[in-house]
Amino acid sequence: MELREYLQTIRKHGILVMLCVTVTVAVSALMVLRATPTYASKVTLFVSVAPSHDAASAYQGGLFSQQRAASYADLVRGEAVTRAVVEDLGLSMSPASLGTRISARVIPQTVLLEITVTDTAPARAQRLAGAVAKHFAAFIQELERPSKDAPSPVRTTMVDSPTLPTSPVSPNPPRTLGLGLLAGLVVGVGLALMREVLDTSVKSAEALSAVTETPNLGVIPHDPDARANPLVVHIEPGSPRAEALRQLRTNLQFVNVDRHPKRIVVTSAVPSEGKTTTACNLGLILAQAGQRVVLVEGDIRRPQLAEYLGLEGAVGLTSVLVGRVAPEDALQPWGDLPLEVLTSGPLPPNPSELLQSRAMELLLGELDRRADVVLIDAPPLLPVTDGALLARMSDGAVLVVRHGKTSVDQVRQAVDNLAKVDARLLGTVLTMAPAKGPDAYTYGYGYGYGYAVERGRRRASRSRENAMA
């Protein structure tokens, strides 16, 4: 991924990143509020050896002091020192507990040993630091003494008295909150990138064309009111969705210039991808262009065409296939357009057998003679075989794919199902594409979605005013 793609991913999952940051900062703030303030007192010891007038001996003594100081840093927390401090001050804590409050370090390139003692009370921290320095010096004297009566060659001298802390060293609100913010960003960005990597859904027309190896015929923007108003080209002819559907109509005419597809199946890989809505609006927009259109409800398992178009579905395709009604009696005109609709009719127990019957082939031939374009709303390709059977009896299929929902594997399997029956895939339609955000689609010559929405609203408003007048 390039830097631009990383930034787009973070922007796309901005809510997730902000949620992670909010949680980690809130936890950090809670830790700061609930933490007991801790104070630190420091004391500095100077480690030296017995003085010598010889320059070489003095140099060696300095090196000896540095080596000893480095070794002493690990002895400050030892039981010998902590036990002496506990007994001297009459503390109620154990030597091991006191050792956890003591730290020591040697200042680089020096013989200075800095001892730090922490406690919840400033004065007690200062008193403990002084006692630790005193008993540590006594411990070193005994440790370095070559014999019982001989003096120790090493001396530890207190350079700075124990300090009285005025502010706590812990908690440190700026540091804790800063670390919480950083941790939230790391976790949030990591989760966003993980979601993007694990997400195999189709999110662009280019990716869809690469998977299917067919042209993308249209990108339909998402509209939250689509379920309530599916016939957008009739209700809001100037809306962005209507413009996109007109583009689909235009592109469909150029799929095969020498032999325009007449019998077209509109299908999808899985349910809820917008195939029925696309079929209805495509039929309307073709009819608005002056073409004679017959719209057939090929989904006789879960039909929705009659509901969307406001027609009666009791008599339809299945009634014709079983010979109860003639095709011309089952077709229903829609509005004042050259559009006829053949709804599903009664739901049969054997949908696949009916759709691949000789009666279905004869019916489609009859509809070809009545119309310029026969659009068939077919079932999804993956759950059942009906869509592939209808595509095999047609000039080609248009595959509807939902943005960010249909996976690449589902699209590939749908294409394979069409190929297995030698059905032709004319192209794809990407539906419910985001109109805002990093994945937003714009179309036209520089006109973005916002411009199209406003233009569509003005057109719809003028149309309503003219109708009222």
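Leu 75 is found in the loop between α3 and α4 (79-89), where helices (H or I, at least four residues) and strands (E, at least two) are DSSP runs numbered from the N terminus. This is a predicted model, in which local features need pLDDT of at least 70 and side-chain atom pairs count only at pLDDT 80 or more, while totals for chains, interfaces and linings use all residues. Residues are numbered from 1 along each chain as its sequence is written, and side-chain values use heavy atoms, with hydrogens and water left out.

With 31% relative accessibility, Leu 75 counts as partly exposed, a class between buried (under 20% relative accessible area) and exposed (over 50%), using a 1.4 Å probe and protein chains only. Setting aside residues up to four places away in sequence, Leu 75 touches Val 81, Phe 136, Phe 139 and Leu 143; contact here means heavy atoms within 4.5 Å. From Leu 75 to Ile 140, the C-alpha separation is 9.3 Å, across 65 residues of sequence.

Phe 136 also belongs to an aromatic pair. Rings of Phe, Tyr and Trp (its six-membered ring) pair if their centres lie within 6.5 Å; planes under 30 degrees apart count as stacked, over 60 as edge-to-face and the rest as tilted. The count by this rule is 1 aromatic pair. The ring centres of Tyr 72 and Phe 136 are 6.0 Å apart and their planes stand at 75 degrees, so the pair is edge-to-face. It links distant parts of the chain, with Tyr 72 in helix α3 (residues 55-72) and Phe 136 in helix α6 (residues 122-144), 64 residues apart. Both Tyr 72 and Phe 136 are buried.
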